[in-house]
Amino acid sequence: MKKLSLLLLSIFSLIGLSSCNDSDSDYPGYAYFVTVKAASESAYYFMMDDDKTIYPGNVSRIPNYKPVDNQRAILLFNLLNEPMTGFNYNAEIFDVQPIYSRDAEVMPQEDIDQLANDGIEVYRGMYTPHYLTIPVTYSTTKTVKHEFYLVAAEEEVDSPEQSELFILELRHDAKGDQGGWPTEEYISFKIDNLKTLMDDKAGIKLVSKSLSGSEQSQQIYFQR
């Protein structure tokens, strides 16, 4: 299935789930960011970013899917009428599209300075209680796996100066793969380990290096 555009998924993610049955459709009615929860290849479910759960009641369209526990993904699905005990939703699954994910980190500034800092275009990040998910564009030949890091400097965390925003830096390591065509991706970072550090902050200032080489930043305010 063709990957959804960044804008389209952002729109879908704002639409609430209804309780109607749309399982007779040949197209998915919903697309959401989820985290895969898997005890085995045959025993798994999906957790939405608001902690609601989706049971894969019909997986006939994805016979070769192999779940990876705690993998972040874009889930395309329709709802089924039959409730499933212990889950918020029962769904027919159309596709599970894994996305890049890792934990955010706190490290000394000198260690951050040693990380690669290749250019990347960053769009509006989406903050949820457990994750910061960011739409990005970068150039790639798709022959090398690019790496991404979301880091906070220890010196900034320990500074007595009070700032309204918690500063996070996004680093991109292209592994030397600077050619190719622009590609759109989502990258997602688990931020549970930063929660206590951000308790008194109004939001996040996300800093990165653009494709042109200039510094870019955006402010993401918490909705509490």
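Okay, let's start with a pocket: the lining of the second largest pocket divides into eight nonpolar, two polar and three charged residues. Here Ala, Val, Leu, Ile, Met, Phe, Trp, Tyr, Cys and Pro count as nonpolar, Asp, Glu, Lys and Arg as charged, and the others, Gly among them, as polar.

Before I go on, a word on the model. This is a predicted model, where local features need pLDDT of at least 70 and side-chain atom pairs count only at pLDDT 80 or more, while totals for chains, interfaces and linings use all residues. Residues are numbered from 1 along each chain as its sequence is written, and side-chain values use heavy atoms, with hydrogens and water left out.

Back to that pocket. The second largest pocket has a volume of about 220 Å³. On a 1 Å grid over the protein atoms alone, a pocket is an open set of points where a 1.4 Å probe fits, with protein on both sides within 12 Å along at least five of seven lines, and lining residues have an atom within 4 Å of a point. Grid points are joined across faces, edges and corners, and the volume is the space filled by probe spheres set on the points. E10 and E13 are the elements that give two or more residues to the lining, and E13 has the largest share, three residues.

Now the overall picture. The protein chain has three helices and 15 strands; those are DSSP runs numbered from the N terminus, with helices being H or I of at least four residues and strands being E of at least two. Of the 224 residues in the chain, 45% are buried, where buried means under 20% relative accessible area, exposed over 50%, and partly exposed in between (1.4 Å probe, protein chains only). If you take the contacts with a separation of 6 or more, residues 24 or more positions apart account for 70% of them. A contact, by the way, means heavy atoms within 4.5 Å.

So what sits inside? The largest nonpolar core has 23 residues, and those with the most contacts inside it are Ile 134, Val 136, Phe 148, Leu 150, Leu 168, Leu 170 and Ile 187. Strands E10 (131–140), E11 (147–153), E12, E13 (181–190) and E14 (203–209) each supply at least two residues of this core, and E10 gives the largest share, four residues. Apart from it lies another core, of 19 residues, with Tyr 44, Ile 54, Phe 77 and Val 96 among them. By core I mean a set of buried Ala, Val, Leu, Ile, Met, Phe, Trp, Tyr and Cys residues joined through side-chain atoms within 4.5 Å.

On to charges. How many salt bridges does the structure hold? There are eight salt bridges, each one a side-chain nitrogen of Lys or Arg within 4 Å of a carboxyl oxygen of Asp or Glu. Take Arg 102 and Glu 147: their closest N and O atoms are 3.2 Å apart. That pair links distant parts of the chain, with Arg 102 in strand E6 (residues 100–103) and Glu 147 in E11, 45 residues apart. Arg 102 is partly exposed at 26%, while Glu 147, at 17% relative accessibility, counts as buried.

Another one is Arg 171 with Glu 169, at 2.6 Å between the closest N and O atoms, and both of those residues are buried. Then there's Asp 173 with Lys 175, at 3.4 Å. Here Asp 173 is buried at 16%, and Lys 175 is partly exposed at 43%. Salt bridges that share partners also join Asp 26, Arg 61 and Glu 92 into one network.

Asp 51 isn't a glycine, yet has a positive phi of about 75°. Asp 51 lies in the loop between E2 (44–48) and E3 (53–58). Asn 70 also isn't a glycine and has a positive phi, near 70°, in the loop between E3 and E4 (72–79).

Last up is Glu 164, in the loop between helix H3 (154–157) and strand E12 (165–173). Glu 164 is partly exposed, at 49%. Leaving aside neighbours within four places in sequence, Glu 164 contacts Lys 201, Ala 202, Gly 203 and Tyr 221.
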